[in-house]
Amino acid sequence: NAKPTVDKQIQDEAADKDTNSTDAEGWGETADHAINEQFQFKLTAKIPANDQIKAYNAYKLVFNDSMSKGVTFDSIASVTVGGSPVTAYTETATSAADKAGLSWELTINDVKPLVPSSITWGEQEIVVEVVYNAHLNENAIVSKSDVTDGDKDHVNNNKVYLEYSNNPDSTGTGTSQTGKTPEDYVWAFTYGVDNTKYKNEALPGNELQDAGFRLYDAAGTTEIGLTFDTTKKVYRPIKSGETAAEMKSDANGKFNIIGLDAGTYTLRETTTPSGYNTCADVQIVIAAAHNESATGTAANLALTGSQNMNNNIVNKEGSTLPSTGGIGTTIFYGLGGVLVLGSGVALVTKKRMKKDEE
């Protein structure tokens, strides 16, 4: 009757973590990340302190973990029993041919000999923890609007359940018969920004092709490397081995972006079509508040406070004066100074002539 429990959590930046989380390291039931940004999941099993647990000569645990198709397994980071690292386990994820959307198992055939001597089996709660690395891939579900309680179709959900020894008398080892905990979910978000380029005015038929853009951080100094996804026809964050590319508006003026983390970005025009003025930078703000629903089977997302996640960007035909500090403005300032000086001389001369006449 003494049953262990299992909990799955996902780590986020502490400043952007699950709104219901109080963890200083950012662990919670929900998180948001960029595509190809590595993060961690944590699986925590707790074996209760109970007299019935003492009856087991051996105690088996099996973590059954499942990731949605938009999440890719990277590696096991650590496995601990009672806070001490252990290696006496087997797992099926590392050797899997396809690690995206993976369902896998981590098995500890007998927890008892792995418990630190400072913890008494059956008399103290024992915590078994598995931490593994993962990342969102290009198949991740992208959120461009709020997600309401109960909506599973616009969230990357991941889950775990635990199998555990539940009959110490079945074979004398306590490893052949197991029970199963309920599934526990976590939720991962990533975001998209839609952009359309127009000439002169944001009207149908005015879409402008081959305008070039790059995405930068909030300060506008560090580029966020993006590449074109030929399957989805959008730009996404690069992964190892890929080179950042300039975004180009297509024949419909589109250059949409998927897979961004929450935060503030600067969208800058870096190639202006001939005959048009370069437009001003666009500041993009993705302000996300997310948490698990009250039922524990879905997640909530609010993007209140976000700015410019859907942009119509207009280039005007013609030319403008060069920017401040350029040689063009220097010439204009010089000519202006000469005109002012000439006007002053003429005024003084006129006054003197008038005085002489008197």
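Are Tyr59 and Trp121 buried or exposed? In this predicted model, Tyr59 is buried, and Trp121 is buried as well. The two rings form an edge-to-face aromatic pair, with 5.6 Å between the centres and 65° between the planes. Tyr59 belongs to the loop between β4 and β5 and Trp121 to the loop between β9 and β10, so the pair ties together parts of the chain that are 62 residues apart in sequence. Both residues also lie among the contacts of Ile47. Leaving aside residues up to four places away in sequence, Ile47 touches Pro4, Ile53, Tyr59, Leu61, Val111, Trp121, Gln124, Glu125, Ile126 and Val128.

Ile47 is part of the largest nonpolar core, which has 47 residues. The residues with the most contacts inside this core are Ile47, Leu61, Phe63, Trp104, Val111, Val128 and Tyr132. At least two core residues are supplied by each of the strands β1 (5–11), β4 (38–47), β5 (61–66), β6 (71–81), β9 (103–108), β10 (126–136), β11 (156–165) and β13 (184–189). Strand β10 provides the largest share, six residues. In soluble globular proteins, nonpolar side chains tend to be buried together.

The count of aromatic pairs in the model is ten. Apart from the pair of Tyr59 and Trp121, ring pairs link Phe39, Phe41, Phe73, Trp104 and Tyr132 into a cluster. Trp104 and Tyr132 of this cluster are also listed among the residues with the most contacts inside the largest core. Charged side chains are placed over aromatic rings as well. Lys42 lies over the face of Trp27, at 4.5 Å from the ring centre, and the charged end of Arg268 sits over the ring of Tyr216, 4.7 Å from its centre.

The count of salt bridges is eleven. Side chains of opposite charge can pair when their charged atoms come close. One of the salt bridges joins the side chains of Lys54 and Glu123, with an N to O distance of 3.1 Å. This pair links distant parts of the chain, as Lys54 is in the loop between β4 and β5 and Glu123 is in the loop between β9 and β10, 69 residues apart. Lys54 counts as partly exposed because its relative accessibility is 38%. Salt bridges that share partners join Lys54 and Glu123 with Asp51 into one network.

A further salt bridge is formed by the side chains of Lys144 and Asp194, at 2.7 Å from N to O. Lys144 lies in the loop between β10 and β11 and Asp194 in strand β14 (residues 191–199), so this pair ties together parts that are 50 residues apart in sequence. Lys144 is partly exposed, with a relative accessible area of 42%. Glu183 forms a salt bridge with Lys159, and the closest N and O atoms are 3.5 Å apart. Here the linked parts are the loop between β12 (178–180) and β13, which holds Glu183, and strand β11, which holds Lys159, 24 residues apart. Glu183 is partly exposed at 37% relative accessibility, and Lys159 is partly exposed at 26%.

Lys159 also takes part in strand pairing, with Tyr185 in β13 as its bridge partner. Strands β11 and β13 pair in the antiparallel sense over five bridges. β11 pairs with β5 in the antiparallel sense over six bridges, and within this pairing Asn64 stands opposite Tyr161 in β11. Three bridges connect β11 with β12, again in the antiparallel sense, and Ser165 stands opposite Thr178 in β12.

An open sheet is made of four strands in the order β18-β15-β20-β21, with antiparallel pairing. Strands β18 (247–248) and β21 (282–286) stand at the edges with a single partner strand each, so one side of each is left without a neighbour in the sheet. The partner of β18 is β15 (residues 212–216), to which two bridges join β18 in an antiparallel arrangement. In this pairing Phe213 stands opposite Met247 in β18.

Note on methods:
Residues are numbered from 1 along each chain as its sequence is written. This is a predicted model: local features need pLDDT of at least 70, side-chain atom pairs count only at pLDDT 80 or more; totals for chains, interfaces and linings use all residues. Side-chain values use heavy atoms; hydrogens and water are left out. Two strands pair if DSSP finds at least two bridges between them. A nonpolar core is a set of buried Ala, Val, Leu, Ile, Met, Phe, Trp, Tyr and Cys residues joined through side-chain atoms within 4.5 Å. Buried means under 20% relative accessible area, exposed over 50%, partly exposed in between (1.4 Å probe, protein chains only). Contact means heavy atoms within 4.5 Å. A salt bridge is a side-chain nitrogen of Lys or Arg within 4 Å of a carboxyl oxygen of Asp or Glu. Rings of Phe, Tyr and Trp (its six-membered ring) pair if their centres lie within 6.5 Å; planes under 30 degrees apart count as stacked, over 60 as edge-to-face and the rest as tilted. A charge sits over a ring if NZ of Lys or CZ of Arg is within 6 Å of the ring centre and within 35 degrees of the ring normal.
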